[in-house]
Amino acid sequence: MAQSLDEDGTVDPWRRRVRRTRRQMPLWQELPLLLVVAFCLAVLIRTFLLQAFFIPSGSMEDTLLVGDRVLVNKVVYDVRDPTRGEVVVFRGTDRWAPQVADEPTPGFLGKLGRTVGDLVGVSRPGEKDFIKRVIGVPGDRVKCCDAQGRVTVNGTPLDETYVIRDSPLDIPPSPNECRSRRFDEVVVPPGQIFVMGDHRLVSQDARCQGPVPIDNVVGRAFLVVWPSSRWSSLPVPKTFDGVAGPVAAASAGPAPLRPTPEGGALLVLPLAAALTRSRAFRTVTSSRAT
C-alpha cells in the first residue's frame, strides 16, 4: 500500500493517525451520522425546493384523484408569477372553507410523528392548503358562460377537456355557493389569481370564495409521483395558448424572467438568492392539498 512521505522520506504521523481513526469508526457510530445528514437534507429540500402534497378530496378529478401525491416546485414562483392553466398549491384565505373535515386530535406520539413527517413532507396535517388550476391572472376578465356553456377569459372561450364533470347550467348563480356553472364577470385584482377545480360539480373555488393572493401560493404542482400507476406530468393545457393578455390592471408581481420548461423545476437564480426571496420563509403548516 502506498504511503504519504515527507520530504525526508519518512511517513507523516498525522496522516497515519487520520487513516487509523477513519478505519476504526464502527458502523453503530457511522449509521446515525448518515441518518442525521439525510434527514437534514430532506428538511432543506422540503422547505426550500420541492414538497410532496397528498390529495384528500375529489375537487381536481380526473386530473388528480383522491390518494394521489403530487410534487410541488416551491422555487419557480420566486422568479415569476403563476400563469394560466398551471396547477398550484396555495394557502386559502379566511373565506376559503376546508373541504375535508378535521381528523381527531392525536396524542403526544401522534403529534410527534406528524411533526417529523411534516418536516420531510410526507405527512397530512392541517386543512388550509388547497390545490386548484389557475384560470385568470391579475387584470384578466373571467366569466361563465358563452353560448356553449364555456368559461371565457378576456373574451376567449376555454375548451376545457380536463373538466369531466361540470356544474349544471340550470342552477342560478349565487355569490356564496359554487353549485352553478354560471357566474358574473370577475376582474382579477392586482396581485391575485382566479382559480378553479377541474371537478366543477364539487369544487369550492374562486367562483364563490374569491381570488387568491399570489403571496399565498406555495408552489406549482408539476408531477404526480404516487401511486406509480398514475405517474404523469401536469402540463398547461393548450387551450390557454390562445387567451389574450390581461385587459385590466397589470400584475403587481415581478415580471417573468424566462419561460419555464414543462414539468421541470426551474432554478435560474443562485441558490442563496432564491432562498432569500423564497416564500418558504413564510409559515406553511400543511402537506395536504384539498
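This report describes the overall make-up of a predicted model and then selected local features.

**Overall make-up**

The protein comprises five helices and 12 strands. Of its 290 residues, 41% count as buried. Among contacts with a separation of 6 or more, 75% are between residues 24 or more positions apart.

Strands of a sheet pair through backbone hydrogen bonds, in either a parallel or an antiparallel manner. In this model, four strands form an open sheet in the order 7-6-5-8, with antiparallel pairing. Its edges are strand 7 (156-157) and strand 8 (183-187), each of which pairs on one side only. Strand 5 (residues 141-144) runs antiparallel to strand 8 and is joined to it by three bridges. Within this part of the sheet, R141 stands opposite V187 of strand 8.

| Residue | Location | Relative accessible area |
|---|---|---|
| H199 | loop between strand 9 (192-196) and helix 4 (206-209) | 7% |
| N73 | strand 2 (residues 69-73) | 2% |
| L27 | helix 2 (residues 27-48) | 64% |

H199 lies in a loop, between strand 9 and helix 4. With a relative accessible area of 7%, H199 falls under the 20% cut-off and is therefore buried. Its side chain makes a polar contact with the side chain of R165, at 3.3 Å. When neighbours within four places in sequence are left aside, H199 is in contact with G58, S59, M60, E61 and R165.

N73 belongs to strand 2. The relative accessible area of N73 is 2%, under the 20% cut-off, so N73 also counts as buried. The side chain of N73 reaches a backbone atom, the nitrogen of V76, at 3.1 Å.

L27 is located in helix 2. Because its relative accessibility of 64% is over the 50% cut-off, L27 counts as exposed. Together with L31 and L35, L27 forms a nonpolar patch on the surface. The three leucines of this patch have about 330 Å² of accessible area together.

**Summary**

The selected residues include buried H199 in a loop, buried N73 in strand 2 and exposed L27 in helix 2.

Terms used:
Residues are numbered from 1 along each chain as its sequence is written. This is a predicted model: local features need pLDDT of at least 70, side-chain atom pairs count only at pLDDT 80 or more; totals for chains, interfaces and linings use all residues. Side-chain values use heavy atoms; hydrogens and water are left out. Buried means under 20% relative accessible area, exposed over 50%, partly exposed in between (1.4 Å probe, protein chains only). A polar contact is a pair of N or O atoms within 3.5 Å; within protein, one must be able to donate a hydrogen and the other to accept it, and residues adjacent in sequence count only if both atoms are side-chain atoms. Contact means heavy atoms within 4.5 Å. Patches are made of residues with over 30% relative accessible area and no salt bridge: like charges are joined within 9 Å, nonpolar side chains (Val, Leu, Ile, Met, Phe, Trp, Tyr) within 5 Å. Accessible areas come from the Shrake-Rupley method with a 1.4 Å probe; for residues, only the protein chains shown count as cover. A salt bridge is a side-chain nitrogen of Lys or Arg within 4 Å of a carboxyl oxygen of Asp or Glu. Two strands pair if DSSP finds at least two bridges between them.
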